[in-house]
Amino acid sequence: MPGLRLESMFHRRLLVLVALTLGGMFLLSGQLARLTLASGAELLAEAEKPLVSRRWVETQRGRILDRTGRVLAVDRPSFDVEAHYSVISGSWAYTEAARDARREHGEDWAKLSDFARDALVRTYLPTRVNELEAIWDGLSMLSGVPRDELEERRTAIVARTQRLASSVWEKRRLARHKEWAASRDRSVEQPTLADVARPIREQVAPHVVLRGVSDGAAFEMRKLASSYPTLLRIIDGGRRSYPFESVDIAVDLSTYPRPLELESFETVRVEGVATHAIGWMRERVFAEDLARRPKTDPRTGRLDLGHYQTGDAVGNAGVEMAFEDVLRGERGLRRVRLDTGELEETLPAAGADVTLTLDVMLQARIAAAMDPALGLTEVQPWHGNRTVALGERLAASAVVLDVSSGEIMAMVSAPSFSREQMQTDGESVFADPLLSPWVNRGVARPYPAASIVKPLVLVEAVTRGAHDLSHAIECTGHFFPNSPGKFRCWIYRARYGMSTHTSVTGHALDAAEALARSCNIYFYTLGQRLGGARMRAFYESLGVERPYDLGLPGASAGFLGYRGREVIEPNEAIMMAIGQGPISWTPLHAADAYATLARRGLRIEPSLVRGRKRPDYANLGWDAGAVSAALEGLRQGVAEEFGTAHHIAYDTQREPIFNATGVTVMAKTGTGQATSTRGPDPDGDGPESAPVLRNGDHAWTVALVGPEGGAPAYAVAVVVEHGGPGGRVAGPIANQVIHALQEEGYLPGGSAETSTETEGVEPQ
Amino acid sequence: MSGAPTQRETPIERVRREPVIGSPRTLTETAPAAQIPRVSLRHPAWITLGASVGLALLGIYCINLTAGVSAEGLSFHATRQAVFLLLGLGAGAVVAAPHYAHIRAITPLLSLAAIALLVFVLIPWVPEAIVKPRNGARRWISLVVTDFQPSELAKIAYVLAMASYFRFRKNYRTLKGLIPPALITLVPMGLVLVEPDLGTALLFGPMLFAMLIAAGAKLWHLALIVLVMSAAAPAMYPALRPHQKARVQALINQLKGDDRFNDSINYQGDRAQTLVGAGGLAGLGGEKSRAVVDFNELPEDHNDMIFAVISNRFGFLGGVATMGLYVLWAGGALLTAAGCKDPYGRLVCVGLAGLVAAQASVNIGMTIGVLPITGMTLPFVSYGGSSLVTSFLMVGLIFNVAMRRPAYLQRKSFEFGKGG
């Protein structure tokens, strides 16, 4: 081999070429090292992905049961049909026609202008459009869903997706614009919508067009889908079913107030039993869901088998939402190595059941009693309602607590709504600001506490040494001697001849009689003696300032004191002793307080879901004598002629409010002075400018009821918004709650009639 | 010393005994039979041949690897490639046999034939049975058993033609003198560009530059041209076809870290780089690599993208070793040029070295994501009969030059002093 002679120019030039070659290869080696050595592990994982076929195995959502084991919510097996968005939007036909045209005119295609291409594609379009139509006709025929309805669903999906895309694109544009504005490089053009308008996920993904398809129809549809494997999919679409969505209740009208009384049963269909508490599902997965349970834990990288996927149903309200993670369960996963056939399988884990403390039939019975068709939640002539017209619908709520456990047995808010209404016409649920069916009044709306607080104030005053039960108090009509217009007793009015309880009875009132007669002067006195600080502490001990931790979204605290001011003024304390002034609470607060009274000061935090947490007990240390006096006052309020919870007075007649036999009822009524209910604020400058929809007092009745001669077993709180006098309006409803407790076997004395339960018909 | 013949005749003695009449220039222009017929089998072209065979065997192995997990034995493509390897070796031997001066003599004819074939594939009325367009490109002539790509032959013919053109000239040492070779280059380059085959067309540039560098063109002239062309390159972008623009755009996006187009215009590039990186340091091993390559569905994995398969199977070390084989190939060719005094032989070796090095670099560059993807094979490795056979024709040419030892009195060409 001849030796290199570097004095030769040619040889030197060859060395230049060698250097260039080596330099080029060195640079390529650098990039090769970057890919293989620096990013090798990551890229290997990426490269191995296609080797593994992953198939998710659907899980089953846990059931929701009531306290007796009745199934309130359960997954039912069925199938859904998904169509790719290109099929739904129709763009598939054009894409396929373009492919046809290109295939047929491959040689000329590259030379054609865009316009000429479009014209050529349109000659192939009718065939593909007909094919698309045939797909939809097939789906319609096999599912039994009319073609028009399918068209409506298509249109709705396209409209929703386009709205979403517009929103996403605008967000992207704004983000890009922000980057552009932050950079100083003005050689780059300002970003436009066209720069960011790439398809969003929903525009390249399948959407459910048919739900709840039966086995047989699904089998036939699979044949159709096999011809279009990327366009149509039949998937497991196990649907949430609510067996007590609709319940027929036979209501005994013989126990109703005389004007409404009939010696017969009226069957009432209750739609959406316990919808507020149980909640419902939504079919869309939101970004929040994905962020809350990402597919892989960003810190550990572990796969979460409970993560959300497109098309998942998500708990959207009530227990379905609050216990989403408990109910949801985890998917199974089948991993098959396509090269080796190796199978790795993780079995699905079904969601856990959630048992509520509610009795769904008791709930349904109470809801039926509050059906306006039966009259108790419509303004009646004997209600004495001076602000709401006769026949107008009244919003109301009833809560039943088990005294022994603090469990909520029923929590009814009327009017309510059905899940079908929410899913098909959700806006209608939110369209009525006066009756606001979406509000779960039992726990989410505080009302002025009114006179129902009086037995509690009595106990507190005695316990704190502010009052001696042996001292009677004279009713003077008005609390301050020189101010007859202020701090008056309810009896000190022109309609009662400006009388006083002392003038009527001829003696000063003891605690029980003061309670039974609901004498304001007696309790003003106790309020003045307790003072503001102790009054605040008293209500705080009842949990008024806190929302209940039931696991339910939307629970509200009561109001205690004026906003921004800690101190309760003496005059405010006087008013708060009769439940007026700066004190309001929810019906659940009221029932809880009365259950505590029945337990003689042992407070048990109410619960809605069994086993969620250990019961929270607190002994308030109430004076036993005071509790006995309070309970005696409540008993007299029902049993004695002079009791405010004793009777409803008509023009010439009267009848007992509570007419259940075999039980002992102790109750207190209250009429709470309330602020107006206003409509939506039209100009956003404060509630004052919002139109007044309704005025008038809220009607309360709270009762403790147990077997005759026995201890109170259940606490019942009823409130009727702007219903007027408590005894006449809320009392009959509380009476029906007691009858419902009897009918469901919780109290002796129920009739032989039983209800018929009707499962809701699931819409397809 | 008294006139008796020595035991072994020196070249000087031989020239004196058989004097060649004419000027020194005629020494290299005399008929081949009159030249010194020295054939040697000890020469650096063995390096080139060895690298070629090594690359071809590697190609057959990797082509077989792309047959998928369900394939057994040697796949159809690998078998064909093995057959074409034998054909290529035979074709190389045929080209190596006659003295390259004979080839130089017919270079004008070969060049015209190559041009004619390039024109032929562009003639629209040629039946599709002979020239069938693929994806809108007219590059292939059907030979029934295989397809022949005239541009492969044109690259070799171009090297021969330019070597012939440069051998006694020195005007390319001026800027003005660079214009004629540039215009000559535009003829095949333009025809290939019309096919369209941008990748192959761009290879004419490195070939020309390699030969100009070796021939003694002033380096600063060449550097200036490179600078001007680099500056002007963006202005050529609008002239690109849509799919070419898409590939450039895909590369730019990928270099910016934008992976939005990995499922569309950058799909091939993304898959290729994934497979390359997955190989790690030493590769995945046969069966695993076969499965990974199969299920990643890399388009043209047995052809233009074969380097991704090599890297996946043999990792970084295998990739570098493959590049090393190309360096050896080019090194063998350049050593052959270094040992040759004849200007034609020298430039043929340099031009072919430039061609193979450039083609390999571009192919590897596009596979590992530093260059836009163009339809270009990896020499000796990618699947394709005409590609492999023409590659071995190049080996035969280099072998041819290497075997013919120069005469001692032959004037060394392209020696322009220390300037330059």
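**Entry 1**

I began with A:D118, which is partly exposed, at a relative accessible area of 25%. The model is a predicted one, I noted. A:R122 is partly exposed too, with a relative accessible area of 46%. I looked for a link between the two and found a salt bridge, with the closest N and O atoms 3.1 Å apart. Both residues sit in helix 6 (residues 114–143) of chain A. They are four residues apart there, so about one helical turn separates them.

**Entry 2: a buried pair**

Next I checked A:R331 and A:D312. Their side chains form a salt bridge of 2.4 Å, N to O. A:R331 lies in the loop between helix 13 (324–328) and strand 12 of chain A. A:D312 lies in the loop between helix 11 (287–292) and strand 11 (314–315) of chain A, so the pair ties together parts 19 residues apart in sequence. I found A:R331 and A:D312 both buried.

**Entry 3: chain B**

I turned to B:R271 and B:D270, whose side chains meet in a salt bridge at 3.5 Å, N to O. B:R271 is buried, at 8% relative accessible area. B:D270 is buried at 18%.

I then searched the whole structure and got 63 salt bridges over all chains.

**Entry 4: the sheet**

Last, I traced an open sheet of three strands in chain A, in the order 1-12-13, with antiparallel pairing. Strand 1 (52–57) and strand 13 (343–346) of chain A each have a single partner strand, so one side of each lacks a neighbour in the sheet. Strand 12 (residues 332–337) of chain A is joined to strand 13 by four bridges. I saw A:L333 opposite A:T346 of strand 13.

Definitions and conventions. Residues are numbered from 1 along each chain as its sequence is written. Chains are lettered from A and ligands numbered from 1 in the order in which they are written. This is a predicted model: local features need pLDDT of at least 70, side-chain atom pairs count only at pLDDT 80 or more; totals for chains, interfaces and linings use all residues. Side-chain values use heavy atoms; hydrogens and water are left out. Two strands pair if DSSP finds at least two bridges between them. Helices (H or I, at least four residues) and strands (E, at least two) are DSSP runs, numbered from the N terminus. A salt bridge is a side-chain nitrogen of Lys or Arg within 4 Å of a carboxyl oxygen of Asp or Glu. Buried means under 20% relative accessible area, exposed over 50%, partly exposed in between (1.4 Å probe, protein chains only).
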